[in-house]
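Here is a friendly briefing to read with the model open beside you. Please load it and follow along topic by topic.

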Amino acid sequence: MSHSPADSTVHRQKQQMHELFDEVAEVYASAGFFTQFGRSLVRWSEVPRGARILDLAAGRGAIFDQLQAEAEPAFAVAVDLSTGMISQLRSGIASRAGRTGFAVMDAETLSFADRSFDVVLCGFALNMIPRADRALREIYRVLRPGGLFAASVPAAALSNPFPPYSALIAEFSQWVDPSRWTMSELVHPQWLLAEAGFQEVAQAHDEAAIEVRDPAEFWEMEMAHGLRGFYKALPGPARESFESKFRSVVAPPPGGKRLIGRGALFFRGRKTVTEERAAR
């Protein structure tokens, strides 16, 4: 079977994403704000107790860990494109009498039967999937009628914005190789949910504040998650300049600290109860 240039580009992007998150899998937990957002998403989504849950692009378990405490699922399955992430997550989760499962899987081609889950959750990943519309169709397919999908994507921080950092990212975005960097803002993800057939679509905003006391430590934290992909997609000289400016921009005043906000947009929707979505 022949593949179009677009298919080849998507394949390459996914391979690079796999390699990126394999590379950061061991240190990914250092980006601790993901835990706060994971807990908030589970609570905001009102995940019912005893549900069959799929954690899509589970990473190191920011959502998966919260499910056990907040929802007591009948069973929960964590999948991720990264072998390293799934290996780290599996080794860090204690056995729960067969109530958990783990698999390496592409969100655009889920290897589950129709109507397998009551809930699908996805934290900070839909914006990195090259064809988010295909992933949403797969999510819709594996949900039972009336099932819940909820997710988070990055958004602006409102309480503790730090414009110089945002300006730095914008300045270097012009040098990024678009074939290697797939992250998008997904400004209106609720529209994508509606197009995929979801109803009762809702959204909310959440944020966290990160204390920066040491630019070097903050750099290590930022290089432990998706921003590393942005950095690696820069040409060599631009990487050196970016790191130098980064450390200068985020440096706190002597003996003090700097607060840098992290924002998240939460959104959710339900699969129709009465019938399967007609358009596929």
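Predicted model: local features only at pLDDT ≥ 70, side-chain atom pairs only at ≥ 80, totals over all residues.

Residues are numbered from 1 along each chain as its sequence is written, and side-chain values use heavy atoms, with hydrogens and water left out.

**The second largest pocket**

- The second largest pocket has a volume of about 620 Å³.
- Of its 40 lining residues, Ala57, Gly59, Asp80, Gly123 and Ala125 are the closest to the centre.
- Two or more lining residues come from each of α1 (5-24), α2 (33-45), β1 (52-56), α3 (64-70) and β2 (75-80); helices (H or I, at least four residues) and strands (E, at least two) are DSSP runs, numbered from the N terminus.
- The lining has 23 nonpolar, 11 polar and six charged residues, where Ala, Val, Leu, Ile, Met, Phe, Trp, Tyr, Cys and Pro count as nonpolar, Asp, Glu, Lys and Arg as charged, and the others, Gly among them, as polar.
- A pocket here is an open set of points on a 1 Å grid over the protein atoms alone, where a 1.4 Å probe fits, with protein on both sides within 12 Å along at least five of seven lines; lining residues have an atom within 4 Å of a point.

**Helices α6 and α10**

- The axes of α6 (residues 163-173) and α10 (residues 236-250) come within 10 Å and cross at roughly 175°.
- That makes the two helices roughly antiparallel (angles over 145 degrees).
- In contact (heavy atoms within 4.5 Å) are, among others, Leu168, Ile169 and Phe172 of α6 with Phe242, Phe246 and Val249 of α10.
- By class, this contact has nine nonpolar, one polar and two charged residues.
- Ile169, in α6, touches Leu227, Phe230 and Phe242, not counting residues up to four places away in sequence.
- At 23% relative accessibility, Ile169 is partly exposed (between buried, under 20% relative accessible area, and exposed, over 50%, with a 1.4 Å probe and protein chains only).

**Helix α5**

- Helix α5 (residues 132-142) is mostly covered, with eight of its 11 residues buried.
- Those buried residues, including Leu136 and Tyr140, pack against β1, β4 (117-123), β5 (143-155) and α7 (189-196).

**Positive phi in loops**

- Glu72, in the loop between α3 and β2, has a positive phi near 40° and is partly exposed at 47%.
- Phe124, in the loop between β4 and α5, has a positive phi near 50° and is buried at 13%.

Terms used:
Points joined across faces, edges and corners; volume = space filled by probe spheres on them. Axes fitted to C-alpha atoms, helices over the stretch in contact; angles between N-to-C directions. Parallel < 35°, antiparallel > 145°, perpendicular 65-115°, else oblique.
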